Amino acid sequence: MADYLSLTDAEKRAMLDTIGVDKVDDLFEDIPNKLRCKKLNLPDGKSQQETYAFMRALSKRNRIYDSIFMGAGSYDHYIPSVVKSICSRSEFVTAYTPYQAEMSQGILQAIFEYQTMICNLTGMDVSNASHYSGATAAAEGCIMSADKVKRVVTFDNINPDVMDVLSTYLTARGIELVVLDSVDGKAVLPDDIGIVGAVYCENPNFYGLIEDTTSIAVTCHNNGGKFVLGMNPIAMGLLKSPREQGADIAIGEAQPLGLPMSFGGPYIGFMATTQKEMRKMPGRIVGETVDSAGNRAYVLTLQAREQHIRRERATSNICSNQALCALTVSVYLASVGSEGLRHVAKACTSNAHYLANGLVEKGAKLCFNGEFFHEFVTLTEGKAEEIITALKKENILGGLLIDADTILWCCTEKATKESMDKVIEIVGGVL
Amino acid sequence: MKTIYEISKSGKRAVTFAPISVPEYTLDSTLTRDELNLPSLAEVDLVRHYTALSKRAFGVDDGFYPLGSCTMKYNPKINEEVASLEGFASVHPRQDTDEIQGSLALMSTLSAYLAEITGMDAVTLQPCAGAHGEYLGLQLIKKYHEKRGDVKRTKIIVPDSAHGTNPASASMAGFDIVAVKSNDEKGVDLDELRAVVGEDTAALMLTNPTTLGLFEKNIEEISKIVHEAGGLLYYDGANLNAVMGIVRPGDMGFDVVHLNLHKTFSTPHGGGGPGSGPVGCKSMLAPYLPNPGVVKTDNGYEFSFSEDSVGKVTAFYGNFGVYVKALAYIVTLGAEGLKEASETAVLNANYLKARLEDLYPTEKGRHCMHEFVVSLEDLKKETGVSAMDVAKAMIDGGIHPPTMYFPLIVHEALMFEPTETESKDTLDEAADLLRSLYEKAHTCPEELHTAPHHAAIKRPDEVKAARNPILRG
């Protein structure tokens with residue numbers, strides 16, 4: 001058994017003597033005896049070698065695929081080597097939240113640079129330091145807009161996990177969540193929707209379709225609401241920025257920017273907004289200032305919004321967020337640069353359109369008519385499950401089975417022509 | 001030091017991708033953006049920039065980090081290695097259950113172990129951090145009362161010594177907050193508590209050991225008062241590192257608990273996350289836990305769904321990669337090892353306290369648990385040197401300062417939590433440094449007012465930062 005302790009028996013004895021007690025147990029005298037527990041019913045400890053073997057054996061019970069055509073909230077992108085290398089540095093990994101600015105300039109500057117990149121990517125004025133996931137960012141973005149008008153409108157074509165989390169958070173706050181049916185897979189906001197606190201929409205939506213966000217933004221604003229827009233950050237390499245689409249608050253799941261799928265987490269939600277909404281924003285924010293010698297310095301700022309100052313009147317309860325994931329996102333964006341991100345986005349959409357065309361040629365139908373980015377839904381009556389099973393045999397993870405007829409596919413830049421031709425051939429064999 | 005944008009030069013790049021192997025697809029120009037401003041750097045520039053930043057940061061691997069309430073124990077390296085195993089890192093969260101038996105077994109095992117450690121009947125791993133766990137735990141409580149038709153229970157009682165997340169989470173969960181004062185022993189004042197509980201009480205939130213690092217001796221009476229009033233008892237697990245294998249929240253009378261895997265269970269804090277905040281509860285609250293749960297059946301592990309669930313609190317299943325590290329830790333230590341960790345955490349804290357308390361006053365006549373709070377109120381009166389000054393001077397000594405000005409009920413507070421993984425030598429060095437700073441406060445206070453002198457920066461102007469916010473480069 002390893003114990004990660006660093007005391008000899010002689011040192012322990014000397015320490016007890018200094019404290020003035022006979023044995024360690026004497027230090028626990030405040031705990032009533034009848035509350036003390038028996039030995040925990042857990043296995044005995046293991047050596048490092050045994051722990052490794054145990055964990056590796058568990059990992060082997062998961063299936064790994066050669067090719068992945070499933071997205072739906074978790075995306076299989078190429079992660080540049082430099083990302084893992086930098087983000088494994090223990091000064092970043094083993095630090096706490098940067099409360100002591102003098103000792104944490106590296107982390108504070110890294111977060112400041114993250115905020116800058118997120119602002120440039122989204123076109124917004126200010127970004128916070130991160131959320132737990134795109135789903136909680138969406139929920140907190142809606143809450144910050146619906147404090148007075150307690151009514152949020154969204155559509156049935158958003159990511160179902162985001163829908164669930166929105167529902168949990170908004171219900172708790174007494175905010176009404178209105179879910180509108182999509183039309184041919186796309187969001188349509190009627191002019192007579194009535195007064196709203198916020199409208200939440202995703203672009204691309206869960207089906208991969210590119211939404212007419214500009215008109216939604218106008219209608220949302222006409223009805224007094226803030227437009228909260230969720231975007232896949234890879235799509236932002238090509239599509240108009242959230243700001244250009246009329247968003248007041250841009251949020252999203254930034255896992256595609258350098259984080260492994262890792263069975264769903266840890267991921268990272270981003271949030272950026274306008275100058276006007278800055279002081280309502282939840283979460284940590286890093287600001288630039290000067291030190292007493294006049295040199296540039298970074299600090300956690302606008303803390304009057306936060307729980308440790310304002311307690312129950314804080315804009316959010318968030319304390320620990322996803323700082324190391326934010327660092328990962330920054331290193332990813334800085335390593336690929338504008339050209340790299342555009343290339344990845346272009347490869348994603350080109351691959352998706354190639355696969356979609358190939359599947360259509362084999363007899364699949366596209367469920368929706370609209371333009372899509374890197375995900376799309378096919379209709380193959382009664383054959384969807386058979387398709388997925390046939391792909392598995394070739395160690396290909398097909399798209400997400402939505403029902404007996406439909407599959408939600410995704411292509412990233414990792415998809416090769418060869419792998420997509422194989423998918424097309426296998427699907428052709430089933431149909 | 002320059003920012004990454006200041007060293008960026010267009011035309012450079014760090015990474016290349018495979019050429020697009022299919023006909024390029026062009027989206028309609030009405031949909032696309034013209035301008036995108038990300039940094040352009042060569043790989044070597046990028047690596048040197050971030051390496052330089054890392055040298056301006058300080059982690060547990062760099063030195064002593066006695067940040068109270070944060071449990072900055074050593075983060076074992078094997079935990080990182082196993083979390084990166086391909087079988088964990090490369091799995092899609094929506095794969096079929098027969099293909100993710102390893103992940104589900106891991107989650108089920110970790111939940112069961114945490115239930116045993118806390119004395120709870122069921123555990124969800126889904127919340128992503130401690131405050132997120134608090135939020136969920138309070139939602140369970142809300143649902144419990146609602147389901148019983150007890151709709152008047154709108155208030156959460158929070159001691160004045162509580163973490164700021166407690167009232168903030170209660171507010172997010174839709175509750176009103178009632179603060180209850182501490183008694184002379186810095187515990188919950190029982191008369192005050194009796195006066196505030198009633199038919200509107202949903203729950204009392206408590207840490208035990210308290211934020212003063214003291215065991216709440218009246219916990220049984222507190223539990224009785226709250227339960228007799230029809231309320232529930234919520235355990236903030238931030239301080240669990242003192243009592244693993246010694247006393248369990250469930251046995252103390254708590255109904256709901258959240259844990260911080262990034263504190264007690266050795267997963268690294270990453271400069272502010274990702275953490276993980278599992279929530280445990282007694283059986284009457286289990287139906288309200290978030291979907292999906294994980295259950296073991298004759299056909300292996302499967303997801304389970306409860307109709308009465310409060311809903312999801314994040315995407316997929318939470319910060320799975322953190323669970324891998326926490327399980328590796330628990331498996332390594334086992335029952336005895338966890339108990340020894342807590343015992344040693346308490347030993348280390350009491351030793352450091354014993355070496356300081358003649359100069360730095362703390363709660364008298366009692367042993368502390370895993371942390372202790374000293375007050376520099378007298379030192380400030382005598383010398384003008386504040387808790388902040390001493391904390392900043394510690395930076396020059398290569399030690400991360402303790403938590404400052406918390407809990408709010410102690411003036412000029414410094415809260416030390418050494419954790420179990422520190423050696424006697426480290427504790428002695430810290431004690432020697434703090435004793436020398438006490439002397440210096442009397443002989444040369446100016447040196448402390450202007451500390452740190454050898455850090456990356458001098459003290460920053462926080463007022464300027466908040467008044468004229470510059471939040472991007």
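Guide: Start with B:Asn239, which lies in the loop between strand S5 (232-236) and helix H9 (249-252) of chain B. Note that this is a predicted model.

Visitor: What makes B:Asn239 buried or exposed?

Guide: The relative accessible area of B:Asn239 is 0%. Buried means under 20%, so B:Asn239 is buried.

Visitor: Which residues is B:Asn239 in contact with, leaving aside its neighbours within four places in sequence?

Guide: They are B:Ser69, B:Thr207, B:Pro209, B:Thr210, B:Thr211, B:His370 and B:Glu371. Each counts because it has heavy atoms within 4.5 Å of B:Asn239.

Visitor: Why is B:Glu146 called partly exposed?

Guide: B:Glu146 lies in helix H5 (residues 130-147) of chain B, and its relative accessible area is 45%. Buried needs a value under 20% and exposed one over 50%. A value of 45% is in between, so B:Glu146 is partly exposed. As for its place in the fold, its C-alpha atom is separated by 21 Å from that of B:His258, which is 112 residues apart from B:Glu146 along the chain.

Visitor: Which residues make the contact of H12(B) with H13(B)?

Guide: H12(B) supplies B:Val390, B:Ala393 and B:Met394, while H13(B) supplies B:Leu433, B:Leu434 and B:Leu437. The division is six nonpolar, no polar and no charged, because Val, Ala, Met and Leu count as nonpolar.

Visitor: Turn to chain A. What makes S2 and S4 of chain A edge strands?

Guide: The open sheet has seven strands in the order S2-S8-S7-S6-S5-S3-S4 (chain A), with mixed pairing. Strand S2 (126-127) and strand S4 (176-180) each have a single partner strand, so one side of each is left without a neighbour in the sheet.

Visitor: How do you know that strand S3 (residues 151-155) of chain A pairs with S4(A)?

Guide: S3(A) and S4(A) are joined by five bridges, in the parallel sense. Pairing requires at least two bridges, so they count as paired. In one of these bridges, A:Thr154 has A:Val179 of S4(A) as its partner.

Visitor: What lies across the sheet strands S2, S7 and S8 of chain A?

Guide: Helix H5 (residues 105-122) of chain A does, running at about 70° to S8(A).

Visitor: Which residues of helix H8 (residues 213-222) of chain A are buried?

Guide: A:Thr213, A:Ile216, A:Ala217, A:Thr219 and A:Cys220 are. The buried residues of H8(A) pack against strand S5 (198-202) and strand S6 (226-230) of chain A. After H8(A) comes A:Gly224, with a positive phi near 85°.

Visitor: What joins S9(A) to strand S10 (residues 296-300) of chain A?

Guide: Five bridges do, and the two strands run antiparallel. A:Val290 has A:Arg296 of S10(A) as its bridge partner. S9(A) and S10(A) form a hairpin with five residues between them.

Key
Residues are numbered from 1 along each chain as its sequence is written. Chains are lettered from A and ligands numbered from 1 in the order in which they are written. This is a predicted model: local features need pLDDT of at least 70, side-chain atom pairs count only at pLDDT 80 or more; totals for chains, interfaces and linings use all residues. Side-chain values use heavy atoms; hydrogens and water are left out. Helices (H or I, at least four residues) and strands (E, at least two) are DSSP runs, numbered from the N terminus. Axes are lines fitted to C-alpha atoms, for helices over the stretch in contact, and angles run from 0 to 180 degrees between N-to-C directions. Buried means under 20% relative accessible area, exposed over 50%, partly exposed in between (1.4 Å probe, protein chains only).
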